[in-house]
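I set out to record the overall build of the chain and then two of its elements. The entries follow the order in which I looked things up.

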Amino acid sequence: NEYKSYLRMKADPHILIVDAGAQYGKVINRRVEELGLTTLFLPIDTPYTDLLQYSSLKGAIISGGPNVGDREAASKLKESVFKLNIPILGICYGAQIVGALFGSNIEQGIVREDGQFKINIETSSPLFKNLASEQEVLITHGAGISALGQELITIASSDSFIQGIQHRDKPIYGLQFHPEVDLTKNGHRMMRNFCYDICGITMTTGIRNRQAQCIEEIKAEVGSKSVLALLSGGVDSTVLAVLLTRALGPDRVLAIHVDNGLMRKNESHLVVKALHALGLNVQHLKCGQRFLNSRTLIQSPDGFRNKEYSRCLCAVTDPEIKRRIIGDTFINIVSEKLAELNTDDYVLAQGTLAPDLIESGSHLSSSMADTIKTHHNDSPLAREFRQAGKLIEPLKTFHKDEVRELGRELRIPSELINRHPFPGPGLAPRILCQLDIFPSYTDTFNELNNQLNLICSYYRLQHTQSQMLLALESKLSDSSREFLVTLENYPKIHPVLLPVRTVGVQGDQRTYSFAAGLTVEADDSGVPWEVLFQLTKLITMLCSTINRCCYIFGDVIEPPIRDITPTTLSPQAIEKLRECDAAATKVLAKHNCFEKISQMPVVLLPLHFDRSNRHDPSSKHSIVLRPFVTNDFMTGRAALPGVDIPENVINEMVTAIQTVVGVSRVMIDLTSKPPGTTEWE
């Protein structure tokens, strides 16, 4: 019903976007609309009869998705999208659909590809008009096109897969990489070539006034009621509050800031002060103890009988359960606040963005997307409120940089607009909770650690004979092999498998895999950062159960790590991370580095290194810095010390954090997104 209403609402769209469950589906939509074109965003199973009514369509883009394109899926689209006889561009999964439809083989690769890679393109293709023959693009897949059908030709390739295809006679194209994201440096040009040149669209509508559109939407949804706005104090909720006030006037907007006890040092005080300065009516609810002692329903097989609840937030370790407890408690507190008011006179408003809904697998953003993590503002209770028409989210089609631009239009002070994003659940997803070593770590440690050692020592072992070496050789491309040989020219790198698991996104699906640590023997030449970044990309390609690598400051660590510091969301763990985060933030501010990077999560790991007696209990924690560079917050790369952020600033942060009581080591995350998400949980 929602999509039928949406169909009736759309008028004269230029480009059809077929949603196959991509994490970047809404980014495709945004890129097309930035060209001044209107779009129609529909699920992959939309019937042909629903599409026929749109005679204005000039082209179609089939998105990526978590599945592998095959002939069965292609045959279904043959009877819908392909019957429209308009130009088609398939992206990632969509490219596999195009390939399969015309007789190509789609095969699982020996290794995954996740990250930025250089590929070669055929510049004679209309899709690559005015581009150089070598391009840096974002690739994230484990399967690809291995042999083309006779009606197709190759227009882009890498060491491992065909990366671009084109029909010999028809305007049908497929790209295994993602032209819609910022990490594909000339992707905007490719999208422009497709929409304007290949689809033949010459008239543009102009980019819509999204501020006016949001205000109209708020007025229509709220009607004569008032709004209870939920404010974290971040960019999104601040823009939301100002937007609501513009639309309805200050007398009809009541804002509450729920302090969940998991905020940064002095964060809530500063948030409320800043919002008051904007003229907003804000109430500060201090609910830290309630959050830590809250639970959530995790199973109810017999309806209302035999309900099973989780443990309290301060005792759980599962990341998803942590997020659900925080999300549900947040909504419960808001419900109680609504009960104090006249419920019939108020609706709720929150600053949900498109990435929140995409990563949560919400049907509001994509009906097909895989769940990467449950955002606190898209918990089951939040969805119930949404379904009942009690919740409005005017920013749900926006991405982070678009919200900032809207904030500038609304004349919100730059110190609020340029704040680094901070997750709604606060510090909770930045504390990796764990009570013991994972059984899978013990079971696979020898194999994985041997793989890591073989990769880092390939230059010494390449001429030896072993089954493991033969297996590695079968996965290496020529360029990867050449890179590993060059490691001989740098200080020796020592890898160690860490007994913690982190969330990632690979091939539009969630992964929950181990992290690897890298230490380097002391040398006057310093830390070879670019080499470590390239090695990280290779390790996450070659080791399917590792999705993240980090550099560990200090001496070489000898594996194995046999135990961890039992960790939950205790007041002690929260306060330790809060102090470390404050120490790092103070150094960033001192050197005016906030605008050099987009975000810097500070993460607490249950790892205690450097114990003089191996029988001493594990009691300390280690800290990870995650400086990150991105525009769209859907993809991005780890900040490179000495390039994106001064190396002396990194070193000063490390020194400051090491003064916090109970800290063992400090690390820096080297992983791009994909394969690692911005946050560790």
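I took contact to mean heavy atoms within 4.5 Å. On that basis I looked up the contacts in the chain with a separation of 6 or more, and 76% of them join residues 24 or more positions apart.

Conventions. I worked with a predicted model, in which local features need pLDDT of at least 70 and side-chain atom pairs count only at pLDDT 80 or more, while totals for chains, interfaces and linings use all residues. I numbered residues from 1 along each chain as its sequence is written, and side-chain values use heavy atoms, with hydrogens and water left out.

Whole chain. I found 22 helices and 24 strands; these are DSSP runs numbered from the N terminus, helices being H or I of at least four residues and strands E of at least two. I noted spans of about 70 × 70 × 55 Å for the C-alpha trace along its principal axes. The radius of gyration, taken over C-alpha atoms, I compared with the globule rule of 2.2 Å times the number of residues to the power 0.38. For 681 residues a compact globule would have a value near 26 Å, and the chain agrees, with 26 Å.

Burial. I called a residue buried under 20% relative accessible area, exposed over 50% and partly exposed in between (1.4 Å probe, protein chains only). Buried residues make up 60% of the 681 residues.

Strand β1. I asked how many of the residues of β1 (residues 15-19) are buried. Five of the five are, so β1 is largely enclosed by the rest of the structure. In a regular strand the side chains alternate between the two faces of the sheet. I found both faces of β1 covered, with Ile15, Ile17 and Asp19 buried on one side and Leu16 and Val18 on the other.

I counted two strands as paired if DSSP finds at least two bridges between them. β1 pairs in the parallel sense with β2 (residues 39-43) over five bridges, and Asp19 has Pro43 of β2 as its bridge partner. β1 also pairs in the parallel sense with β3 (residues 59-62), over four bridges; there Val18 stands opposite Ile62.

Helix α14. I listed the buried residues of α14 (residues 400-409) as Lys400, Glu402, Val403, Arg404, Leu406 and Gly407. Their cover includes α2 (25-34), α7 (210-222), α8 (235-248) and α15 (414-417). Just after α14, I noted a positive phi of about 60 degrees at Arg411.
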